[in-house]
Amino acid sequence: MMSDPRNVAHNKKVTQEKHHKHAEAASAAKPRVRGEKEKEPGASAQETPGAEQGPSDHEKSVAILSKLKEMEFHSRGNIEMLAQLTLTIEEELKQGEFSEPIGAVYSAQDTFHSKITALIETYEAKCEQLKGPA
């Protein structure tokens, strides 16, 4: 009994596609040697390193800005916590000898918060510059 030629052709095509996908996966899993360039179909030979560096600098700067904002967020939380601790130490526990030291820490944290907020504003402007025209 003979099989239908359409089924044979379909099975052959499926087998070839599986083999092709397996070969692609194997080549993708192969570690690249340092200095070896990855070949991409349609990649322009006229790409300049400067054009590639711009978005990278912008992305790195945005990541730094995000970390600065996270620090500012925690700083605000520290100020709130220090205010609560000050009230507890002075009002509830009546430990006045710690009022001045905790006030100094509060002041230092407030100074840090003011400076990091100013830095974030300046750094945001730099990120916008690196972003360039949209």
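1. Let's start with contacts (heavy atoms within 4.5 Å). Taking those in the chain between residues at least 6 apart in sequence, 78% join residues at least 24 apart. Keep in mind that this is a predicted model, where local features need pLDDT of at least 70, side-chain atom pairs count only at pLDDT 80 or more, and totals for chains, interfaces and linings use all residues. Residues are numbered from 1 along each chain as its sequence is written, and side-chain values use heavy atoms, with hydrogens and water left out.

2. On to the layout. Helices here are DSSP runs of H or I with at least four residues, strands are E runs of at least two, and both are numbered from the N terminus.

3. How much of the chain is buried? Of its 134 residues, 13% are; buried means under 20% relative accessible area, with a 1.4 Å probe and protein chains only.

4. Now look at the largest nonpolar core, made of Leu65, Leu68, Ile116, Ile120 and Cys127. Such a core is a set of buried Ala, Val, Leu, Ile, Met, Phe, Trp, Tyr and Cys residues joined through side-chain atoms within 4.5 Å. Helices α2 (49-92) and α3 each supply at least two of its residues, and α3 gives the most, with 3.

5. Leaving aside neighbours within four places in sequence, Cys127 touches His58, Ser61, Val62 and Leu65 by the contact rule.

6. Why does His113 count as buried? Because its relative accessible area is 16%. His113 is in helix α3 (residues 99-131). Beyond neighbours within four places in sequence, His113 is in contact with Glu72, Ser75, Arg76 and Ile79.

Terms used: Buried means under 20% relative accessible area, exposed over 50%, partly exposed in between (1.4 Å probe, protein chains only).
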